[in-house]
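The entries below follow the order in which I looked things up.

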Amino acid sequence: MEIKDSVAVVTGGASGIGEAVVKHLIRCGARVAVVDLEQKNIDRVITEIRQQGGDAIGVWADVTSESDTARFINETVSTFGKLNLAVTCAGIIRDGTLLSLDKETGHVSKKLSFEKWKAVIDIDLTGTFLTLRDAAEAMVNGGWEGLLVPISSVNKVGQIGQLNYSSAKAAIELMPKIIIGEFLMRGIHNIRCVGIAPGYTETSLLTGMNQEALKAILADVHIGRLIKPEEIADMIGYCMTNHALNATTIEITGGLCYSHGIAK
Ligand SMILES: NC(=O)c1ccc[n+]([C@@H]2O[C@H](COP(=O)([O-])OP(=O)(O)OC[C@H]3O[C@@H](n4cnc5c(N)ncnc54)[C@H](O)[C@@H]3O)[C@@H](O)[C@H]2O)c1
């Protein structure tokens, strides 16, 4: 599949990794629908793209809403005439431990709130499911060559303080294998699915994280720095052109290794 002349939808496309993916695809000659909740950022990205002669539309949508995902997929197809790529970058973190104890009494003083749990599961997991499902439906019915790219995370292995996020990202890691297994069973051969599990990447998402914990984690990254969103975007572009990549989730972490313990 060529990036040039392809049509992509990128959720969370108005910031961070999603924005880098959008801009990479545009540079390579794709047309892109930028889906996000932040209208100001959508406008900024679309203006930048159009100033440089790129072809993109902005669609305000909430990926947790079934009617919104159907709407942005339909709008992409009706604007550009087809759909070849769906990348699900919309995501949030809401960190906290399951329980916190009062130091004096030893009793539970705080629990991971249902709101924090539900917000992450709804946006990161359900939003990914709905986007992939509706994008795949359009690709099958249109008969277009397609690639689905769910965004997992290296924290799929289980990050302390991220029960909600790690649970969502572990489930997302499995999606390519299950989806492609089902496509094989159903005789659907025009769509591949490759997940991407980024390591710690230089975006605003990390500003919501415990900065001391982040500093400690960076000591375990072999290249000694955060991943750049453009490096993830470049990998997604490569996944489009290399058809042998399928039914798997690729880690891109800069070498996240726990040098004194388990190598993960
Ligand atoms: N930054 C990292 O270190 C890192 C590491 C691994 C995985 N990831 C994953 O990469 C993805 C992108 O993260 P990022 O770092 O670019 O974060 P980011 O905060 O810069 O971008 C996320 C975007 O998603 C949008 N969004 C949030 N909720 C939405 C909703 N309900 N509907 C539509 N859009 C919504 C936000 O408005 C924002 O523009 C996320 O899924 C994240 O979990 C990030």
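With which residues is V7 in contact, leaving aside its neighbours within four places in sequence? I looked this up in the model, which is predicted. I found V7 in contact with A30, R31, T76, F80, K82, L83 and N84.

Next I placed V7 in the fold. V7 lies in strand β1. I then checked its burial: V7 counts as buried because 21 C-beta neighbours lie inside 10 Å, and 20 or more are needed for that label. I also took one distance from V7. G146 is 139 residues away from V7 in sequence, yet their C-alpha atoms are 9.4 Å apart in space.

I turned to the strand pairing. β1 covers residues 7-11 and pairs with β4 in the parallel sense, over four bridges. In that pairing V10 has V87 in β4 as its bridge partner. β4 is also joined to strand β7, residues 146-150, by four bridges, and these two run parallel as well. There L85 has L147 in β7 as its bridge partner.

Which way do the residues of strand β4 point? For residues 85-88 I noted L85 and V87 on one side, with A86 and T88 pointing the other way. Side chains in a regular strand alternate between the two faces of the sheet.

I moved on to the ligand. The shell around the ligand holds 31 residues, and G12, S15, G16, G91 and T203 come nearest. Two elements give two or more residues to this shell: α1 (16-27) and α4 (114-142). By residue class I noted 14 nonpolar, 13 polar and four charged in the shell.

Last, I looked at the chain as a whole. I noted seven helices and nine strands. The C-alpha atoms fill a box of roughly 65 × 45 × 35 Å along the principal axes. Does the radius of gyration agree or disagree with that of a compact globule? For 264 residues a compact globule would have a value near 18 Å, and the chain has 19 Å, so the two agree. Buried residues make up 43% of the 264. Of the contacts with a separation of 6 or more, 73% are between residues 24 or more positions apart.

Key
Residues are numbered from 1 along each chain as its sequence is written. This is a predicted model: local features need pLDDT of at least 70, side-chain atom pairs count only at pLDDT 80 or more; totals for chains, interfaces and linings use all residues. A residue is near a molecule or strand if its C-beta atom, placed from the backbone, lies within 6 Å of it. Ala, Val, Leu, Ile, Met, Phe, Trp, Tyr, Cys and Pro count as nonpolar, Asp, Glu, Lys and Arg as charged, and the others, Gly among them, as polar. A residue is buried if 20 or more other C-beta atoms lie within 10 Å of its own, exposed if 12 or fewer, and partly exposed in between; C-beta atoms are placed from the backbone. Two strands pair if DSSP finds at least two bridges between them. The radius of gyration is taken over C-alpha atoms; the globule rule is 2.2 Å times the number of residues to the power 0.38. Two residues are in contact if their C-beta atoms, placed from the backbone, lie within 7 Å.
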